[in-house]
Amino acid sequence: MYSIVEHEVLAPRVHRLRVQAPVVAEKAKPGQFVILIIDEKGERVPFTISDWDSEAGTVDFVFIEVGKTTQQLATMQPGDQLLSFIGPLGRPAEVGQFGHVVSVLSGYGIAAMVPILKALKDNGNTLTTIVQAPDQDRLFGQKPLEELSDTLILALGTQGDGMMESTTVAMRKLLNQHPKRRIDRVIAMCSLCLMRVLSEMTRPYAIKTMVHLTPVMVDGTGMCGACRLSVGRTNRFACVHGPEFDGHEVDGWEVLMARRCTYADESILQQGFQCRGCSQW
Ligand SMILES: Cc1cc2nc3c(=O)[nH]c(=O)nc-3n(C[C@H](O)[C@H](O)[C@H](O)COP(=O)(O)OP(=O)(O)OC[C@H]3O[C@@H](n4cnc5c(N)ncnc54)[C@H](O)[C@@H]3O)c2cc1C
Ligand code: FES
């Protein structure tokens, strides 16, 4: 069993849990994720590691309340236990020396990208960070982003297309300055639809654009095939070959988005998620 040691509410329906999981904490790398099961009746659900402490043996993740499991997690308190907490899973994100890196974050990506940004900063990159949120109330986790970013751009807007526009306008302004103010890489951890749009925006400039893809996952070890994607005309499993992929090579966006929406019901649509299946703003 894995004890919850902290539960912090970061914004309405956004929570951070800290879990005692020494084996995961010892091996975690930026961009990796865990799959947890709450109890005997629980489903296997993936979450990106947003922080870890190998000495204390703890692992943090931030989640948005979407459906059954995340709503149940939102009720859990320090001292409560999770049946299973497996990880770290997936390939770590690429965090080399690239130059000027623009990252685009929304929803849980605002927290889950922090370890990646830390590693990029340690490697001497210049960081521009665009944070998308529906409104000021749902903006969280600004402090570490301010500390890590050379430039922090807030893209606040109303839900739906208007909000995506606030981000694409910010990105367009940066692209218009390229190559004078050169962009060497873009990394996105936000809604699937926005990651797709960003990949198309950067394609004409040949700026490498890495996207963090979140198809439905079951085992997380490449055995079940649930998270299959087409990348570079080749079948890939997001859980073992990703979740970070080159957005210009993803050729299965429609399938990915359709499969992600398969389990979305009315209750999820009513919450106004930008892409109903990806549980991101
Ligand atoms: C690699 C990866 C990392 C993720 N990291 C985070 C994170 O750090 N924080 C966060 O809030 N969310 C994260 N997600 C999404 C999170 O897994 C879903 O929001 C969660 O599974 C919803 O479960 P539910 O029971 O609350 O809702 P449900 O009602 O079961 O599902 C709501 C929606 O969530 C998605 N979903 C459901 N089950 C899965 C599954 N097993 N795998 C992937 N998607 C699923 C579907 O699109 C579905 O439409 C991640 C997903 C992946 C694949
Ligand atoms: S989750 Fe089963 S193959 Fe990736």
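Reader: Which two strands form a hairpin with four residues between them?

Author: E4 and E5 do. This is a predicted model. In the turn, Gly57 has a positive phi of about 70 degrees.

Reader: What makes E4 and E5 a pair?

Author: Two strands pair if there are at least two bridges between them. E4 (residues 45-53) and E5 are joined by four bridges and run antiparallel. So they count as a pair. One bridge sets Trp52 against Val59 in E5.

Reader: How many bridges join E2 to E5?

Author: Seven bridges, again with antiparallel strands. E2 spans residues 14-20. Arg16 stands opposite Val62 in E5.

Reader: What about E1 and E6: why do they count as paired?

Author: The cut-off is at least two bridges. E1 (residues 2-11) and E6 have two bridges, in the antiparallel sense. The pair therefore meets the rule. Ser3 has Gln81 of E6 as its bridge partner.

Reader: In what order do the strands of this sheet lie?

Author: The order is E6-E1-E2-E5-E4-E3-E7. The seven strands form an open sheet with antiparallel pairing.

Reader: Why is one side of E6 and of E7 left without a neighbour in the sheet?

Author: E6 (81-82) and E7 (84-89) stand at the edges. Each has a single partner strand, so one side of each has no neighbour in the sheet.

Reader: Are the faces of E5 covered or open?

Author: Both faces are covered. Thr58, Asp60, Val62 and Ile64 are buried on one side. Val59, Phe61 and Phe63 are buried on the other. That accounts for seven of the seven residues in E5 (residues 58-64).

Reader: Why is Thr168 called buried?

Author: Buried means under 20% relative accessible area. Thr168 has 16%, so the label holds. Thr168 is found in helix H6. Leaving out residues up to four places away in sequence, Thr168 touches Leu194, Val197 and Met201.

Reader: What makes H7 mostly covered?

Author: Eight of the 11 residues in H7 (residues 192-202) are buried. Among them are Leu192, Cys193, Leu194 and Met195. Leu198, Ser199, Met201 and Thr202 are buried too.

Reader: Which residues touch the most other members of the largest nonpolar core?

Author: Val104, Ile130, Met171, Met195, Leu198, Leu213 and Trp253 do, in a core of 35 residues. H7 gives the most to this core, with six residues.

Reader: Why does this core lie between domain 1 and domain 2?

Author: Domain 1 (2-89) and domain 2 (100-270) both give residues to this core, so it lies between them.

Reader: What does Val104 touch?

Author: Not counting residues up to four places away in sequence, the contacts of Val104 include Met113, Ile130, Met171, Cys190, Leu194 and Leu198.

Reader: Which other core lies apart from the largest one?

Author: Another core, of 26 residues. Val14, Ala93, Val114 and Met210 are among its members.

Reader: How do you know that Cys190 is in no disulfide?

Author: A disulfide needs two cysteine sulfur atoms within 2.5 Å. For Cys190, the nearest cysteine sulfur is that of Cys193, 8.4 Å away. So Cys190 is in no disulfide. The count for the model comes to zero disulfides.

Reader: Are Cys190 and Cys227 buried or exposed?

Author: Both are buried. The limit is under 20%. Cys190 has a relative accessible area of 4%, so Cys190 qualifies. Cys227 is at 3% relative accessibility and therefore counts as buried.

Definitions and conventions:
Residues are numbered from 1 along each chain as its sequence is written. Chains are lettered from A and ligands numbered from 1 in the order in which they are written. This is a predicted model: local features need pLDDT of at least 70, side-chain atom pairs count only at pLDDT 80 or more; totals for chains, interfaces and linings use all residues. Side-chain values use heavy atoms; hydrogens and water are left out. Buried means under 20% relative accessible area, exposed over 50%, partly exposed in between (1.4 Å probe, protein chains only). A nonpolar core is a set of buried Ala, Val, Leu, Ile, Met, Phe, Trp, Tyr and Cys residues joined through side-chain atoms within 4.5 Å. Domain bounds come from an automatic or database domain assignment. Contact means heavy atoms within 4.5 Å.
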